Amino acid sequence: MSEGGLINGLGLDVGIIVILLVVLVIILTMITVSMSIRLTRLTKKYYLFMRGRDGQSMEKMLVDKFKQLDALAKRTEDHAIELEILNKNHNSTLTRYGMVKYDAFDDVGGKMSFALAMLDSTNTGFILDAIHSRDNCFLYFKEIVKGESYIMLSDEEVEALKIAVNSEADEII
């Protein structure tokens, strides 16, 4: 049997097969053209994207951004260390205070005498008591450890100490 006879034997006409193949070729050509147009548009978008702003390449921009991120990470690490040092120093600074002004002597008015308590976050520090008279001014320094004094305190010094212990200066941070 010949080829033509085989096709005719199946009941297919050669003309119909040729028409179907031509239609298939036209459809495939249209799909190819459509894909080519899409690829061209995508290529233009890709080059526009990769060019970046001001003509910079996207790769260069990404490298620069990673360098900036590395620099920021280093600065953040440095700041964390500095903050730790500041927190340690803050605990030993005198951030709590209390002051009471009073008249030490009946014949001297104006509340020129005062008791000043200065404490750190553990209530350790000092009380400075300035007693003013008509002729002189006397300063007394008393050490405070954890809110307690080993030396007897006057009523004004006790009041200044209470004010300092109850102050909220170190709560701000």
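**Salt bridges, aromatic pairs and surface patches**

Glu84 is partly exposed, with a relative accessible area of 48%. In this predicted model, Glu84 forms a salt bridge with Lys88, and the closest N and O atoms of the two side chains are 3.7 Å apart. Lys88, at 56% relative accessibility, counts as exposed, because the cut-off for that class is over 50%. Both residues belong to helix 3, where a spacing of four residues separates Lys88 and Glu84 by about one helical turn. Side chains of opposite charge can pair when their charged atoms come close.

The structure holds three salt bridges. Another of them joins Lys74 to Asp78, with 3.1 Å between the closest N and O atoms. Lys74 and Asp78 are likewise four residues apart in helix 3 (residues 58-91), and about one helical turn therefore separates them. Lys74 is partly exposed at 45% relative accessibility, and Asp78 is also partly exposed, with a relative accessible area of 29%.

A further salt bridge is formed by Lys142 and Glu157, whose closest N and O atoms are 2.9 Å apart. This pair links distant parts of the chain, since Lys142 is in strand 4 and Glu157 is in helix 4, 15 residues apart. Lys142 counts as buried at 13% relative accessibility; Glu157, with a value of 1%, is buried as well. Both values fall under the 20% limit that defines a buried residue.

Two aromatic pairs are present in the structure. Tyr46 and Tyr47 form an edge-to-face pair, with a centre-to-centre distance of 5.5 Å and an angle of 65° between the ring planes. Tyr46 is partly exposed at 46% relative accessibility, whereas Tyr47 is exposed, with a relative accessible area of 53%. In the pair of Phe126 and Phe141, the ring centres are 5.0 Å apart and the planes lie at 25°, so this pair is stacked. Phe126 lies in strand 3 (residues 125-132) and Phe141 in strand 4 (residues 137-145); the pair therefore ties together parts that are 15 residues apart in sequence. Phe141 counts as exposed, at 56% relative accessibility.

A patch of positive charge on the surface gathers Arg38, Arg41, Lys44 and Lys45. Arg41 is placed in helix 2 (residues 14-51) and is exposed, with a relative accessible area of 56%. A nonpolar patch on the surface is formed by Ile19, Leu21, Val23, Leu24, Ile27, Leu28, Ile31 and Met35, which together have about 730 Å² of accessible area. Ile19 is found in helix 2 and, at 55% relative accessibility, counts as exposed. Helix 2 therefore carries Arg41 of the positive patch and Ile19 of the nonpolar patch.

Glu168 is located in the segment after helix 4 (155-166). Its relative accessible area of 52% places Glu168 in the exposed class. Glu168 and Arg96 are 72 residues apart in sequence, yet their C-alpha atoms are 7.2 Å apart in space.

How values were computed: Residues numbered from 1 in each chain as written. Predicted model: local features only at pLDDT ≥ 70, side-chain atom pairs only at ≥ 80, totals over all residues. Heavy atoms only, no water. Patch = residues over 30% accessible without salt bridge, like charges linked within 9 Å, V, L, I, M, F, W, Y side chains within 5 Å. Areas by Shrake-Rupley, 256 points an atom, 1.4 Å probe, with all protein chains shown as cover. Salt bridge = Lys/Arg side-chain N within 4 Å of Asp/Glu carboxyl O. Lys, Arg positive; Asp, Glu negative; His and termini not counted. Charge placed at Lys NZ, Arg CZ, Asp CG, Glu CD. Helix = DSSP H or I, 4+ residues; strand = E, 2+ residues; numbered from the N terminus. Buried < 20%, exposed > 50% of the residue type's maximum accessible area, 1.4 Å probe, protein only. Phe/Tyr/Trp six-rings, centres within 6.5 Å; stacked < 30°, edge-to-face > 60°.
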